[in-house]
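Subject: Structure for your review

Dear colleague,

Please find the structure below, together with its sequence.

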Amino acid sequence: MTASSPISKLAHENAPLEAWLQTQAFCPLPWLHLHVFTDGKVTPCCSNFLHFGRVKEQSAEAIFQGKPANRFRKKLLADEQEKRCQSCYKMEAAQGDSLRTEAIKRYFEVFREKILHTNPEGKIKLKPESWDLRFSNQCNLRCRSCFHGNSTKWFEEAKSLNRTASDKKLIHAFEEKSWKDFTHGSLQTARDFYFAGGEPILIPEHWEILDFLLVQQKTDTLLRYNTNLSTLTFKGKDIIEYWEKFPRLEIGISIDAVGKAGEYIRKDLRWSLFEKNIQRLILEVPHAKIKWEPTISLMNIHSWEKDHRYLIEHFNISPDAIKLNILHRPEIFSIQALTSCEKEQVHQKIEKLLSDLPFSKTTQDAYRALLSFMHAESKTALIPAFFQELERMDRMRQENWQESLPQLLPLFKAYEKEKQV
Ligand code: SF4
């Protein structure tokens, strides 16, 4: 193709990585990646709801080469921003990095050639090489800030609360069609898979993909996970024995708090078993790149600094092995609901953590982005709804937040005092 667009010009010039990172909107994912939601919708990535197609109507290859995907690529070739990519632009403004910039770095050696083979209308004759297939909502936990759409375990409670995502407990992306028909002929050239849930270790199709890769002798495929690591086995298979065979392995562990608080926030987690599972992972799969991936909310913001220190020391894991996920929804759990006095306390604790430990600039930026987000808006009006939700769920689960999350008591007292005024 001719270098008629800013992005094709960069590709023709064989521009260095820095030049690609300075683009406003270009993202390599629509040249490489497909994301399938549990409802069967296909989109460019897990943060972008641009509708490329549905698994029951077309194959992965047809969707990847289809009109909506072409239109999106055409826009990106012009380096024009897309409103559905706002989450990336916002993250870049706050902390410099985003899924987009991570993808530029990850696929730098790969995407130039693909752009050179793209016509000005965004048309390509390529297959996806990077996969994020959310087969189902099968999960063994019912985390407080989660919902039925992401966890089968939430189904009964969601029914009582009238909050079900479907009338079926198990929501499956490939209900009427096999995932093998959908991906037919495309998995042979896969570079990477991202497995998230639900809980991927409990999802049968995840194991089928691992078996497929083993049969094809494609053990150099990059495997990335987001797992709660509360179980290591499924139907007699042991994930550690599989992971040992895949040298390129990144394991993001979703854990929001240590001990009792962790069990409260992620209901059905057993902390002692979780610790044993991590120890086994560290010992038996030393090549795995482990990362904590906490969801930072009103429930753990007070204690996260202490918990992060514990995780670093107890498991001897690098301070930089962390990805902070800031909770935006449900809004009642947002850290923006803290009072200004509590925000200040949290701020000081996190600054102390950053000065005590040898964090890289990237991790420091991520923590500072968390603080900026916390200060950006005041949502104290949500505090009553937050405590009402905790207590409603406590009654259902026969739990008591005051025992598991005592650090919330000052916030609760401030709320009670306000009620009396
Ligand atoms: S820019 Fe961000 S939201 Fe848009 S497709 Fe790329 S990774 Fe997804």
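Which helix gives the most to the shell around the ligand? Helix H6 does, with three residues.

Two remarks on the source come before the details. The model is predicted, so to speak of local features requires pLDDT of at least 70, side-chain atom pairs count only at pLDDT 80 or more, and totals for chains, interfaces and linings use all residues. Residues are numbered from 1 along each chain as its sequence is written.

The ligand shell

The residues around the ligand include Cys-27, Cys-45, Cys-85, Cys-88 and Arg-100. Helix H5 (86-95) and helix H6 (99-106) each supply at least two residues of this shell. Helices (H or I, at least four residues) and strands (E, at least two) are DSSP runs, numbered from the N terminus. The shell divides into eight nonpolar residues, three polar and one charged. Here Ala, Val, Leu, Ile, Met, Phe, Trp, Tyr, Cys and Pro count as nonpolar, Asp, Glu, Lys and Arg as charged, and the others, Gly among them, as polar.

Helix H4

In helix H4 (residues 67-77), the buried residues are Ala-69, Phe-72, Arg-73, Leu-76 and Leu-77. A residue is buried if 20 or more other C-beta atoms, placed from the backbone, lie within 10 Å of its own. These residues lie on the same side of H4 because they cover an arc of only 140° around the axis, taken from the directions from the helix axis to the C-beta atoms. Helix H1 (6-13) and helix H3 (60-64) are among what covers them, contact meaning C-beta atoms, placed from the backbone, within 7 Å. Just after H4, Asp-79 takes a positive phi of about 55°.

Strand S1

Strand S1 (residues 33-36) is covered on both faces: His-33 and His-35 are buried on one side, and Leu-34 and Val-36 on the other. S1 pairs with strand S4 (residues 130-133) in the parallel sense over four bridges; strands pair if DSSP finds at least two bridges between them. In S4, Asp-132 stands opposite His-35. S1 and strand S2 (residues 41-43) run antiparallel and are joined by two bridges, with Thr-43 of S2 as the bridge partner of His-35. Four residues lie between the strands of this hairpin, in which Gly-40 takes a positive phi near 90°.

Yours sincerely

How values were computed
Near = placed C-beta within 6 Å. Buried ≥ 20, exposed ≤ 12 C-beta atoms within 10 Å, placed from the backbone. Contact = placed C-beta atoms within 7 Å.
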